[in-house]
Amino acid sequence: MVGETDKKDKDDSRRIAIALIVLVLLLVAAAALMLPLVGELVATHLAPGLGMRDAAVIAFFLTLLILVVFAIASGDGLLGELQFMLIGFLAFFVILWLMIAWIF
């Protein structure tokens, strides 16, 4: 037996699901209409800069220097937090590499 509250909850759930589907479809349509604008923005503002190879060398040494300073300042030394330093090095290196290549 389906009670009145169960039926009301089912109707509310159906309305919410339909509203979410419509919202997602609108967002997809808006993103599809923005693709030409985004493509033009990328072509204009993300033109090649310093170059990926030179930026990688600069980013490697800059990241190494900064993380050594961070490790010494943390108090545990270079080996105390090695597992975190490796992950941090990779993330920091990739971000610096791409930013140096883009900006310069």
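**Helix packing and aromatic pairs in a predicted model**

Of the 104 residues of the protein chain, 11% count as buried, where buried means under 20% relative accessible area, exposed over 50%, and partly exposed in between (1.4 Å probe, protein chains only). This is a predicted model, in which local features need pLDDT of at least 70, side-chain atom pairs count only at pLDDT 80 or more, and totals for chains, interfaces and linings use all residues. Residues are numbered from 1 along each chain as its sequence is written, and side-chain values use heavy atoms, with hydrogens and water left out.

User: Which pattern does the protein chain follow along the sequence?

Analyst: Helices (H or I, at least four residues) and strands (E, at least two) are DSSP runs, numbered from the N terminus. The protein chain has three helices and zero strands. Read along the sequence, the pattern is α-α-α.

User: Which helix do the buried residues of α2 pack against?

Analyst: Helix α2 covers residues 52-74. Its buried residues are Ala55, Ala56, Ala59, Thr63, Leu67 and Ala71. They pack against α3 (82-103).

User: Is Met85 buried or exposed, and which residues beyond its sequence neighbours is Met85 in contact with?

Analyst: Met85 is found in helix α3. Because its relative accessibility is 18%, Met85 counts as buried. Contact means heavy atoms within 4.5 Å. Leaving aside neighbours within four places in sequence, the residues in contact with Met85 are Leu67 and Ala71.

User: Why is the pair of Phe60 and Phe61 edge-to-face?

Analyst: Rings of Phe, Tyr and Trp (its six-membered ring) pair if their centres lie within 6.5 Å; planes under 30 degrees apart count as stacked, over 60 as edge-to-face and the rest as tilted. A search of the whole structure finds four aromatic pairs. In the pair of Phe60 and Phe61 the ring centres are 5.2 Å apart, and the pair is edge-to-face because the planes stand at 80°.

User: How many residues apart in sequence are the parts tied together by the pair of Phe60 and Phe89?

Analyst: Phe60 is partly exposed, with a relative accessible area of 33%, and Phe89 counts as partly exposed at 23%. Phe60 and Phe89 form an edge-to-face pair, 5.8 Å centre to centre with 85° between the planes. Since Phe60 lies in helix α2 and Phe89 in helix α3, the pair ties together parts whose separation in sequence is 29 residues.

User: Which residues do ring pairs link into a cluster?

Analyst: Phe61 is exposed, with a relative accessible area of 53%. Ring pairs link this residue into a cluster whose members are Phe60, Phe61, Phe89, Phe93 and Trp97.

Notes:
The expected span of a helix is 1.5 Å times one less than its number of residues.
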